[in-house]
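Colleague: I have the file open and would like to go through it with you. Can you put it up and start with the strand pairing?

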There are 2 protein chains.
Amino acid sequence: MPEQIPPRPAALRRHRDGFTWEGVERLAYKQDSAAPFRDVSRQILFSRPDLAGELRYFEIAPGGHSTLERHGHVHGVMVLRGRGRCLVGTRVDEIGERDLVTIPAWTWHQFRAAADAPLGFLCLVDAARDRPALPKPEDIAALRADPQVAAFLES
Amino acid sequence: MPEQIPPRPAALRRHRDGFTWEGVERLAYKQDSAAPFRDVSRQILFSRPDLAGELRYFEIAPGGHSTLERHGHVHGVMVLRGRGRCLVGTRVDEIGERDLVTIPAWTWHQFRAAADAPLGFLCLVDAARDRPALPKPEDIAALRADPQVAAFLES
């Protein structure tokens, strides 16, 4: 689904209070209500026809989480604000400001904000990319076989 | 010129004190000594064969500046640290943390750190891109025709 692109973005877009920017709309995380998530917003910082990559800023409110999903395209993530945890494959890590997370192709992943802090992060992605796939019951069962992953998913 | 790519970057690379990261080398800004610049370092945060975009972190020490140049590829810039000024075309702007700067194709541009603060910024770029062109004397003369640009270039 095409993202919303302003036809001629200004050369300079200043940041405003908090983590919002001039000329950047704060969007719903996903249009697809079948993908479970909680308290996530999305802002598209750079997306242009003459740029092969895109840079987005996602923010998960305290206690919220992104969708558990995987896809053929790669994510490059840098935490900008707050802290939380991420699941990449079967690995769970605490993450905080300026940490870098690489999500390889077809790797299950999910981000969870801390209970008492938001988790805001930049996400580098190819403009041309496939749609995410959601886990089937057997995928969830396989992930839950690892106690650390099970604890993460239930948190 | 190909950038240095670690063969298998770890999923998580934590930030260290200051603006450096585990497993990310702090590189010279440019190999090409013909391109004038002062006190700039470069770190490649995300660069992979399966990603069409790259994300780099540049840091200019207080009083330093990047090369004045232009090229066919586009830059998407977010300031992460400190403050300074940027020239984009014939426009000069003060920039600070989290401000966004878009540099369109074939637009002269340069970044200058403040005298008393560094200027650190993320730069989104296509992995496949052309080499920068340096200004000829007539390009410099044309840029200097604008008093604000002339003052920026002499600062």
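Modeller: Strand β1 (residues 12-13) of chain A is joined to β9(B) by two bridges, and the two strands run antiparallel. Strands here are DSSP runs of E with at least two residues, helices are runs of H or I with at least four, and both are numbered from the N terminus. Two strands pair if DSSP finds at least two bridges between them.

Colleague: Which residue in β9(B) is the bridge partner of Arg13(A)?

Modeller: Leu100(B) is the bridge partner of Arg13(A).

Colleague: Before I go on, what are the ground rules for this model?

Modeller: This is a predicted model, in which local features need pLDDT of at least 70 and side-chain atom pairs count only at pLDDT 80 or more, while totals for chains, interfaces and linings use all residues. Residues are numbered from 1 along each chain as its sequence is written, and chains are lettered from A and ligands numbered from 1 in the order in which they are written.

Colleague: OK. What pairs with β11 inside chain A?

Modeller: Strand β6 (residues 53-65) of chain A runs antiparallel to β11(A), with eight bridges between them. Gly53(A) stands opposite Asp126(A) there. Strand β7 (residues 75-88) of chain A is also antiparallel to β11(A), over six bridges, and in that pair Val79(A) faces Phe121(A).

Colleague: And is β11 of chain A mostly covered or mostly open?

Modeller: Mostly covered: six of the eight residues in β11 (residues 119-126) of chain A are buried. Buried means 20 or more other C-beta atoms within 10 Å of the residue's own, exposed means 12 or fewer, and partly exposed lies in between, with C-beta atoms placed from the backbone.

Colleague: Switching to the interface. How many residues of chain B are in contact with chain A?

Modeller: 29 residues of chain B contact 29 residues of chain A. A contact is two C-beta atoms, placed from the backbone, within 7 Å. On chain B, the strands that each supply at least two residues to that side include β5 (38-46), β6 (53-65) and β7 (75-88). By class, that side of chain B has 16 nonpolar, four polar and nine charged residues. Nonpolar covers Ala, Val, Leu, Ile, Met, Phe, Trp, Tyr, Cys and Pro, charged covers Asp, Glu, Lys and Arg, and the others, Gly among them, are polar.

Colleague: What does Gly76(A) touch?

Modeller: Leaving out residues up to four places away in sequence, Gly76(A) touches Thr102(A), Leu124(A), Phe46(B), Leu51(B) and Leu55(B). Gly76(A) sits in strand β7 of chain A and counts as buried because 24 C-beta neighbours lie inside 10 Å.

Colleague: Last one: where is Asp39(B), and what is its phi?

Modeller: Asp39(B) is in strand β5 of chain B. Its phi is near 60°, a positive value in a residue other than glycine.
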